[in-house]
Amino acid sequence: MTDTTTRPARPAPAEWPNRTTVRTVAELLLGLSFTAAVAFGGYSASTGQLAVLAQAAAIVFVVTATCVLVSWFHGVETAAPAER
């Protein structure tokens with residue numbers, strides 16, 4: 001039997017510092033654009049069609065990856081002086 005008298009029934013919700021809706025959407029778009037680039041690229045390589053969609057998805061992926069990486073490093077850079 002587990003003693004729950006000293007522990008709360010539910011754990012406290014995790015707090016994500018510097019987590020905004022825009023950043024979350026950008027990270028989701030990063031994953032979706034990667035999946036689309038791989039899927040359309042594979043189909044394009046096997047059939048020779050949909051090459052334009054594969055290129056567009058790759059461009060969206062590269063732009064989104066750049067934005068997300070800059071956001072991550074900016075977040076680390078601003079958080080680092082406070083921890084030192």
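I started at Glu-27, which at 23% relative accessibility counts as partly exposed. For the cut-offs I used under 20% relative accessible area for buried, over 50% for exposed and partly exposed in between (1.4 Å probe, protein chains only).

Note on the model: it is predicted, so I kept to pLDDT of at least 70 for local features and 80 or more for side-chain atom pairs, while totals for chains, interfaces and linings use all residues. Residues are numbered from 1 along each chain as its sequence is written, and side-chain values use heavy atoms, with hydrogens and water left out.

Salt bridges next. I searched the whole structure and got one, taking a salt bridge as a side-chain nitrogen of Lys or Arg within 4 Å of a carboxyl oxygen of Asp or Glu. The partners are Arg-23 and Glu-27, with their closest N and O atoms 3.5 Å apart. Both sit in helix α1, four residues apart, about one turn of the helix. Residues three or four places apart point the same way because an α-helix has 3.6 residues a turn.

Then I looked at α1 itself. Helices here are DSSP runs (H or I, at least four residues; strands are E, at least two), numbered from the N terminus. α1 has 27 residues and reaches 38 Å from first C-alpha to last, close to the 39 Å expected; that expected span is 1.5 Å times one less than the number of residues. The buried residues I noted in α1 include Leu-30, Ser-33, Ala-37 and Ser-44. Just after α1, Gly-48 takes a positive phi of about 85°.

Aromatics: the whole-structure search gave one pair. Phe-34 and Phe-61 make a tilted pair, 5.4 Å centre to centre with 50° between the planes. My criteria were ring centres of Phe, Tyr and Trp (its six-membered ring) within 6.5 Å, with planes under 30 degrees apart stacked, over 60 edge-to-face and the rest tilted. This pair links distant parts of the chain, since Phe-34 is in helix α1 and Phe-61 in helix α2 (residues 51-83), 27 residues apart. Phe-34 is partly exposed at 45%, and Phe-61 is partly exposed at 26%.

Last, the surface. I found a nonpolar patch of about 260 Å² made by Tyr-43, Leu-50 and Leu-53. Patch residues need over 30% relative accessible area and no salt bridge; like charges are joined within 9 Å, nonpolar side chains (Val, Leu, Ile, Met, Phe, Trp, Tyr) within 5 Å. Areas are Shrake-Rupley with a 1.4 Å probe, and for residues only the protein chains shown count as cover. Tyr-43 belongs to helix α1 (residues 21-47) and is partly exposed at 39%.
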